[in-house]
Amino acid sequence: MFARQVARTPDAPAVRDAERELCYGELDALCASVADTLADQGVRPGDPVGVLGTRSWRSAVALAGVLRSGAVAVPVDAHHPSARMSDMLRQSGTRTVVVLPGHGPIPERLPVRWLPFEQMVARPAAGASSGEQAGRTRRAGDAAYILFTSGTTGRPKAVVLPHRSVVRLGLDDAPWCAGPGKRGLQTVGLSFDASLLEMWATLLNGGCLVAASRNALLDPGELRSLMRRERITHAFMPMSVFHHAVRFEPGMFAGLELVLTGGEAMAAGLARAVLEHGAPRRLMNGYGPTEGGIMVTAHDVRGLAEDASSVPIGLPVARSRCHVLREDGSPALPGEEGELFIGGDGLALGYLGREDETRRAFVTATVGAETGVRLYRSGDRARCDADGTLEFLGRADRQVKIRGVRIELDALEAQLRAHPDVAEAAVLVRGSDDFTRTLSAFVTSARPDDPVLSERVSLFLAERVPAHSVPSPIQPVDRLPLTDNGKIDYTALRHALQPAGPAGGLGVADRSREPGPAGDADAVRRIWAEYLRVPVTPDTDFFAAGGNSLLAAHTLIRTLTALDLQADRFQPLLRSLLARPTLAAHLAALSAFSRDGAGAGAGAGANDGAGSCGTSAAEEIDFEAEASLDLALPPLDRPATGGPLRHVLLTGATGFLGAFLLDRLLRRADTVVHCLVRAADPAHAFDRIRANLRRHGLGEPDPERVRSYPADLTHPELGLRAEDLKHLTATADLILHNAAHVNFVYPYGALRDANVGAVRELVQLAAPRRVPLHYVSSIAVLAGSGAAGVRLFTETTPLSHPGLISMGYSESKWVAEKLLQNAARAGLPVTVHRPYEITGHSRTGAWNTDTAFCAFLDAITRLGTAPDIRLPLDLVPVDHVADAVVGLATTYPHVGGVFHLTNPRPALLADMVGRLRAAGHTISETPYREWVDLLLGFVREHPDAPISPFASLFATRANHADISVKELFLDSVFPRMDQARTLQIWPRWAETCPPVDSALLDHYVRYLHRGGVVAAPAG
C-alpha cells in the first residue's frame, strides 16, 4: 500500500520536522537503504529490530525501513529510563537496534548490535521498488510491531501486532486519514501505540506527517503557533495534551478538519469549551487498548448535554467489533454495565513469551450465531445505549476498597471533572491495606487565571458521592504531570503528596499518647480530625462537620482502642455522641466512662450502661404507644383506588433493593414511578436514581416514566414541596415504601424519624383515597419473640416482645409494622413484606456488599476461623425479592397481611464456610466466646476493618438475656418462620427462588473475590 502511494505522489511532502522535509520518493529511497543494511547485517524476516530515538523524520524512515525489510519493528522512545529501555529490548528478544542521531546505546551491557542511522542511510539503495525484494513479502497476519503496555505488576508486557492491525487504520476513507494536501500533526511518543495511527493513517493516504517538538506539547502557545505555521489539518494528540491546551485556549483548534484524541477519559467540560469557542470540523474521542488494535471505537463529539459528566467513546471503527458482556459471558442489555470485549481485524497476536497471559486475555467465545470468535478481554467496564454507542466506565482494576467500601476511581475522577471550575482530575489511593487507605486528588483549573477552590469542589462532591468517597486533600495544581506516552503520571503525583499534620485530618492517628487526660484529649482530637478531615476544636460538632453513622462507628472503635477501653463501652458512647455531638461533650463522656466504669453522668443517653445495640432497659420506651396511629382516616375523597395501577409512589429507589424494584415496575407498560429522593433538586434526584441503576447493571431510566421529587423522610410531610405533596396525594395508585435508615448500631431514638415518622406521613398521604400501601420490613422484627421463647412464627402471628429485640433498627421496623397494622384496622389497605438476608443477583451477582453479612465473611477469612454456631443462612437473591414484592403489589394491591420472603431451602453458616474452604481459604472453627475474643482483638488492631462497626453485635448482651445480640439469630433462639400464606398466594416464590446450595454460594464467593470484598486466597 505504501508503495502504491509512493508511485501516485512521489514528489508530495511525506514527513517533516523542524530540521528537514522529505517527499514520498525521498522517504521511499531512504527506507530502502535501511532495509538493505539490515539484510546485509543478517536480519531475517520476522526478527525483532529496535528503533531508538524520538519522533522525527528519521524515526519515520527507520520504522518504515524495518518493516520493509520484513523484520518486526520495536520502537524504543529515548525519553524512557534506561532500565525500561533495556527491559523492552530483552523482552522482545531484540539483537539489532537502529540508533537515531543524538541517542547513544543504552549504558547497560546488552547482547545487541547498535546500527547508527546516519551510516545506514548514507549507502545507496539496491534499487528495488519499495522493498519488494525477494524473501521480504509480508502477509497480513505476520508480526509487524512489538509494543509495550504496563502489566498489572507494573512491568511492561510485549504486545505483538500484525500488519493487518496497523494497515486497517489507514483504510476506508476514515476521517482521521490525512489525504493528499493534508497535514497531520504527530505528537505521540515513539513507543506509544497511537504513534502508529498518526504515522500510517497519514502515509498510506498521501498526507504529510509533521512531528511536533516536546516543547510544543508543553507550551499551548507554541502548539498553536506550530499548527498555524505548519498549516495542520489533522491533529492527533494524547488526551492530557488536549486538556492542557484547551484550558489555555479552547478555540485554538478552530479551522482544523479533525482533532482526534484518546488514551484517557475526555473531560466533558473541556470538550464543551472547544465546541463553544471555535471547534474543528470534527472533534473525535477515540478509544482502544494496544491489544485491541490501538483505535477500536470513536465518537464524533458534536454536542454535549449541559449536565453531561462524561463523553461517550462511540461506535466501533476500523473494522473492529465490540461486545459488552456480563460476568457469565452473556450480552449485556442496553444501559447495563459489563466488561468490554474486543474483536475484529485489529486484535494483537498476543503477549510475547507469555502464553498463559495470552490465553487469559485473548479468549474464544460464541457471539450471537457465531462460534469460535476470538476476543480480547479489555478489563474495561462499559455500557452501550440502544444505538450501540459505548460509554467507558473505567478500569476494573481501578476499583479499590476504602474502609470496606468499593470505590471506582475513574468514576470519581469523572465527578470531579464535572465541576465547572475543574479541567482535569487525578485520584490517588494512599495506604497499604483496606484499613489504612484514604483518597487524595489533584485538580487543574478550567480557567488558568481563576484557581480552583478545594473547599468548593469538596462540597460539590459531597452532594454527589458517599462521604467516604470524597478525597482529602483535593490539591489544585497548574498541570498534571505526564508520562512519556502522554498519560497522567500517577507515580509522580504520589511522590508529590505531602503528609499533613493531624489537624488536617490526613495522617493516621498515633495510637501512642501521653498519659493522663491531656494526652487522651489530644489522641481523641487527632482521631476526629483523621475521620472528619477538617481541623477540630472543642466546639466541633461531629455530624455538622460531615460525620455520619459509619464514620461515627469507626471513630468510636478507634477511640476505644486508643484509650484501652472495653468493647462494651461502644453503645453508651454512641448514644452519648448522638445526644451531644461536640468534641468537648464527647471528651466529658469518655472521662466519665474512664472514671466510673459505667459512665454515669456522661451526658444525655450515656446513663444506659453497657446496654444493647437497641433500646436498653433503662430507657423503657413504650413501643406500643410509639405505634399508636393518632389518626382517624378521613372520608373518601373519591372511590378507593381500584383501576389500573398507572402511578406508583416508590421510596428507596437509590438503594440496593430499590434499584431492582424500580426496574421491575418499569417493565410494566405505561407505569409511571414517582420516586422520593434525598436531593437538592429534581435533576439531582434523577441523577442519583440513574447512577444507582447503572451501578447495579440495570437499564437507563426514562424521564417520562420516572418522576423524581426532592424529599427528606425525616421531615414533616416527607420534606416535599406543598405542590408535590398535593399532586402525589391526588394521583398515586399504589405506594411501595422501601426506604429506611439501615443502621445496626444506632438506638431506636436516632432512627425514629426516618423509619417510623416516614411511615406515619405515608399513611396520611394514602388515607384520603385509601391508596394501597406495601411496606418492605425485615424478618428481624421477630427477634424479640424468639428471645421470649416463641418457636414458630406464622404470617398471622401477632407481633410481640419489642423490648427484647435489642437492636434499634429492628425496633424501628417493629414499631412501623405495628403502626401499619393499626392503620389497616382503621381501613387502609396495608401489606407487609418481610424478607430475610437480601443478597446478590442470582445471575449477575450485583450486590450491596457494604453489609454486616459481607463484613462477617471478610472477618472469618481474615481471622482464618469461624464461630462454631448454628447460624441460619437464609439468603434471598435481590432479583427474586424484587420480582415477588412488585408482583404481589401490582397483582394483588389490596391483598393485605404479611408475606414471609424467606428462602424455602436455606442453609447454615457452616455451608458457606465449606464453600470458602473449597475456594482455597483455610478456615478452622472456634467456640463462639473464644471467636468473639479473637474478633475484638482483630478490631483493636484494625479499627477500620469492615467488621468494626458491627463488632458490638457479637460482644454486647441482648436485653434481659445472657446471650449476645448476634446469638438472638441462632436457630436455637430465632423462631422458625412459616410461609404457607406466601406460597399459597404467590406459588412462584417456591418455584423460582434458588436454594442456598453449593451453586449459589460458589456464585457469591466468586463475586466477593472479584470485587475484593473478600480477599481471594493467594495462588
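1. In the pairing of strands, Val 776 stands opposite His 833 of strand β33, where helices (H or I, at least four residues) and strands (E, at least two) are DSSP runs numbered from the N terminus. Strand β31 (residues 773–776) runs parallel to β33 and is joined to β33 by four bridges, two strands being counted as paired if DSSP finds at least two bridges between them. Strand β38 (residues 897–901) also pairs with β33 in the parallel sense, over five bridges, and there Gly 897 is the bridge partner of Thr 831.

2. The model is predicted, so local features need pLDDT of at least 70 and side-chain atom pairs count only at pLDDT 80 or more, while totals for chains, interfaces and linings use all residues. Residues are numbered from 1 along each chain as its sequence is written, and side-chain values use heavy atoms, with hydrogens and water left out.

3. Strand β33 (residues 830–835) is mostly covered, six of its six residues being buried, that is, under 20% relative accessible area, with exposed meaning over 50% and partly exposed in between (1.4 Å probe, protein chains only). Val 830, Val 832 and Arg 834 point one way from β33, whereas Thr 831, His 833 and Pro 835 point the other way.

4. Helix α3 (residues 57–68) has 12 of its 12 residues buried, so the helix is largely enclosed by the rest of the structure.

5. The rings of Phe 2 and Trp 200 are edge-to-face, because their centres are 6.1 Å apart and their planes stand at 85°. This pair links helix α1 (residues 2–8), which holds Phe 2, with helix α7 (residues 194–203), which holds Trp 200, across 198 residues.

6. A charge sits over a ring if NZ of Lys or CZ of Arg is within 6 Å of the ring centre and within 35 degrees of the ring normal. Lys 157 lies over the face of Tyr 351, at 4.3 Å from the ring centre, and the charged end of Arg 988 sits over the ring of Trp 986, 4.2 Å from its centre.

Conventions
Rings of Phe, Tyr and Trp (its six-membered ring) pair if their centres lie within 6.5 Å; planes under 30 degrees apart count as stacked, over 60 as edge-to-face and the rest as tilted.
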